[in-house]
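Q: I would like to learn how to read helix packing, domain contacts and a ligand shell from a model. Can we go through them one at a time?

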Amino acid sequence: MQIKKLFLQNFRNYESEKFDFSEGLNVLFGKNAQGKTNCAEAVFYLCTGTSLRIRHDKQLIRIGEEYAHIAAEAENRYGKVTVEANISEAKRELRVNGAKIAKNADLMGHINSVFFSPGELRLIQDGPDERRRFMNVSISQTSPTYYTALLRYNKILDQRNALLKNPDISLVLDTLPVWDEQLCRYAATIVKKRTEFLQKLSPYATEMHAYLTDSAEELALSPDKRYGGEEAEIAELLAKKLAANYEKDIRLGFTTVGPHRDDLSVTVSGVDAKAYASQGQQRTAALSLKLAEVQIFKELSGEYPVLVLDDVMSELDLRRRKKLLRRVEGIQTILTCTHAERVLYGADCNKIRIENGRIKE
Ligand SMILES: Nc1ncnc2c1ncn2[C@@H]1O[C@H](COP(=O)(O)OP(=O)(O)O)[C@@H](O)[C@H]1O
Ligand SMILES: [Mg+2]
């Protein structure tokens, strides 16, 4: 997978700019607050239909303008593909090869990317929210079924949580089983897909970690809860758990069990990484997870995703930087940093200097 060109119009601090990316390493460099992350964000948006930095699409529109237009010309295993987004305050329109698409689920998979920023380096030490997000974003890109199940699950979950706050307890108790049946159906899809994902991801993450630590440490991944194998079994077990927690859920006013509360557990040399690993070890583990994600995409879709490394080099020590660069050879990479020469060590790359929302030659 490769992005050839990226067009940004009225996007963030860009007025109008065109990027030509090469197939290997592309380095966007420049001072702070010039638009490097904004460019990376546009790539992520065209892959997923969303951004991790915003609450409302409006924030993406250049201040003082009415709309933003972004587009990428890419090439995946099926051939050329163009993905566009037209964003105005009132609505957002996505197009793939010129044809309007109705929902995000249909966007996923046309251009796949693995996005890596300093936030992801905290993947291990942060709360379970971050790790769930990691799984959700990653699995959604290769499984529209997962993405759709997740949306529906969250919607029903919101309704269930609203119901739990209703003062009419007998109504609540009568209605809960109805919600729960639907909730468990989507939950089962989510749990099953996550389990499969982690099963695939785990050996890659272990291998990456061994590579990064010169086999000094062993990393292992697993879901933090066990639900059983097939979807029917998972749904049944979860229904029982939900029923067993009615009283607690009503008292607290929210749903206390289900995939929205699940986590993934990471151990380094047999010890829980979140609780016991040093910050350096946690970062290496996070890096291993992200690089393993790249391999998963390769395995699932037959080609490498585009790797976006936003500002991560400065957070890694020299040895890991070099290892990282060596590992991403052959994968189209968009890397942002403030000082190109300090992170590249003469690596062959396409350098693009960004200044105030513009490419400077
Ligand atoms: N909607 C917007 N309109 C205009 N400028 C914006 C908008 N959103 C962010 N910016 C500007 O973009 C700059 C930050 O760009 P960013 O890509 O995060 O910088 P960096 O090069 O450090 O990664 C800031 O100066 C910010 O004010
Ligand atoms: Mg930045």
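A: Take one helix pair to begin with: Thr145, Tyr146, Ala149, Leu150, Arg152, Tyr153, Ile156, Leu157, Gln159, Arg160, Leu163 and Leu164 of helix 5 meet Val172, Thr175, Leu176, Trp179, Gln182, Leu183, Tyr186, Ala187, Thr189, Ile190 and Lys193 of helix 6. By class, this contact is made of 15 nonpolar, five polar and three charged residues. Keep in mind that the model is predicted.

Q: What is the angle at which helix 5 and helix 6 pack, and how far apart are their axes?
A: Two packed helices are described by the angle between their axes and the distance between the axes. Here helix 5 (residues 144-164) and helix 6 (residues 169-212) pack at about 155 degrees, and their axes are 9 Å apart. Helix 5 is therefore roughly antiparallel to helix 6, since angles over 145 degrees count that way.

Q: Is the crossing of helix 5 and helix 6 left-handed or right-handed?
A: The crossing of this pair is left-handed.

Q: Which residues meet between helix 6 and helix 7?
A: From helix 6 come Asp180, Cys184, Arg185, Ala187, Ala188, Thr189, Val191 and Lys192; from helix 7 come Glu231, Ile234, Ala235, Leu238, Ala239 and Leu242. The contact has nine nonpolar residues, one polar and four charged.

Q: How are helix 4 and helix 5 placed?
A: Helix 4 (residues 128-142) and helix 5 have axes that come within 6 Å and cross at roughly 130 degrees. These two helices are therefore oblique to each other. Asn136, Ile139 and Ser140 of helix 4 meet Tyr146, Tyr147 and Leu150 of helix 5. Sorted by class, that is four nonpolar, two polar and no charged residues.

Q: Moving up a level, which domains does the assignment of the chain give?
A: A domain may be assigned as more than one stretch of chain, as with domain 1 (1-112 + 305-361); domain 2 is 126-301. The centres of domain 1 and domain 2, taken over C-alpha atoms, are separated by 28 Å. Their contact takes 15 residues from domain 1 and 16 residues from domain 2.

Q: Which elements give two or more residues to the side of domain 1 that touches domain 2?
A: They are helix 1 (36-48), helix 2 (104-107) and helix 11 (318-327). Helix 11 gives the most, with four residues. By class, this side of domain 1 has seven nonpolar, four polar and four charged residues.

Q: How many residues surround ligand 1, and which are the closest?
A: A shell is read by its members and then by their classes. Ligand 1 is surrounded by 14 residues, of which Asn13, Lys36, Thr37, Asn38 and Ile63 are the closest. The shell divides into three nonpolar, eight polar and three charged residues.

How values were computed:
Residues are numbered from 1 along each chain as its sequence is written. Chains are lettered from A and ligands numbered from 1 in the order in which they are written. This is a predicted model: local features need pLDDT of at least 70, side-chain atom pairs count only at pLDDT 80 or more; totals for chains, interfaces and linings use all residues. Axes are lines fitted to C-alpha atoms, for helices over the stretch in contact, and angles run from 0 to 180 degrees between N-to-C directions. Angles under 35 degrees count as roughly parallel, over 145 as roughly antiparallel, 65 to 115 as roughly perpendicular and the rest as oblique. A crossing is left-handed if the near helix is turned anticlockwise from the far one by less than a right angle, and right-handed if clockwise. Two residues are in contact if their C-beta atoms, placed from the backbone, lie within 7 Å. Ala, Val, Leu, Ile, Met, Phe, Trp, Tyr, Cys and Pro count as nonpolar, Asp, Glu, Lys and Arg as charged, and the others, Gly among them, as polar. Domain bounds come from an automatic or database domain assignment. A residue is near a molecule or strand if its C-beta atom, placed from the backbone, lies within 6 Å of it.
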